[in-house]
Amino acid sequence: MAHRIAVSRLADNGGMSRITELEVNGISRRVNASPERSLLSVLRDDLDLTGAKYGCGEGQCGACTVLLDGEAVRSCITAVSQASGKRITTVEGLEREGRLHPLQEAFLETGAMQCGYCTPGMIMSGVSLLGRKASPSDAEIVHGMQGNICRCGTYPRIVAAVRMAALHSKSPRRPS
């Protein structure tokens with residue numbers, strides 16, 4: 001079914017493609033895509049970045065969340081033209097020098113994932129939240145994660161993971 005969706009999206013662009021320059025995970029990438037095509041489909045189908053997931057297709061579940069200039073956006077309802085000229089960060093771009101982002105580590109430590117489908121979107125929303133507020137309260141975490149749905153119900157562990165990542169970012173880094 002997903003294959004048919006991708007094919008129909010390509011067919012619907014009426015053959016009007018254009019070259020768009022995108023900065024994805026710190027790398028400049030050129031794509032030949034209709035300006036109205038979803039950022040999610042370009043990331044997954046053209047750039048082979050499959051961390052962001054197709055969930056509802058309406059921006060309601062958060063599975064497709066990526067960062068544009070540090071802010072969480074739903075890539076399924078974001079046209080690729082809206083992302084041009086902005087820094088796009090996907091879950092694949094969070095690791096640095098072979099080390100996971102502190103929130104990725106916290107998700108592992110707290111067991112904040114069960115099936116894992118929502119996890120990339122949850123992490124990206126959490127990273128955006130921590131970028132805006134270094135030490136959010138539990139209520140602020142819950143509010144900041146609104147719009148990200150976990151069908152498995154691991155919300156308490158997700159909140160714990162964001163709290164843990166916030167605490168780890170305040171403590172001095174141990175030498176590697």
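**Cysteines, burial and a helix pair**

Tutor: The sulfur of Cys64 has its closest cysteine sulfur in Cys76, 3.7 Å away, which is too far for a bond, given that a disulfide is a pair of cysteine sulfur atoms within 2.5 Å. Please keep in mind that this is a predicted model, in which local features need pLDDT of at least 70 and side-chain atom pairs count only at pLDDT 80 or more, while totals for chains, interfaces and linings use all residues. Residues are numbered from 1 along each chain as its sequence is written, and side-chain values use heavy atoms, with hydrogens and water left out.

Student: And what about Cys150, how far is its sulfur from the closest cysteine sulfur?

Tutor: The closest cysteine sulfur to that of Cys150 is in Cys118, at 3.9 Å, again too far for a bond. By this rule the count of disulfides is zero.

Student: Are Cys64 and Cys150 buried or exposed?

Tutor: Cys64 counts as buried at 2% relative accessibility, and Cys150 counts as buried at 6%. Here buried means under 20% relative accessible area, exposed means over 50%, and partly exposed is in between, with a 1.4 Å probe and protein chains only.

Student: How much of the chain counts as buried?

Tutor: Of its 176 residues, 43% count as buried. In helix α2, residues 39-46, the buried ones include Leu39, Leu40 and Val42, and just after α2, Asp48 takes a positive phi of about 55°.

Student: Switching topic, how many helices and strands are there?

Tutor: The chain has seven helices and five strands, where helices (H or I, at least four residues) and strands (E, at least two) are DSSP runs numbered from the N terminus.

Student: How do α4 and α5 cross?

Tutor: The axes of α4 (residues 102-110) and α5 (residues 119-132) come within 10 Å and cross at roughly 130°. Those axes are lines fitted to C-alpha atoms, for helices over the stretch in contact, and angles run from 0 to 180 degrees between N-to-C directions. The two helices α4 and α5 are therefore oblique to each other, since angles under 35 degrees count as roughly parallel, over 145 as roughly antiparallel, 65 to 115 as roughly perpendicular and the rest as oblique.

Student: Which residues make the contact?

Tutor: Leu103, Gln104 and Phe107 of α4 meet Thr119, Met122, Ile123, Gly126 and Val127 of α5, with contact meaning heavy atoms within 4.5 Å.
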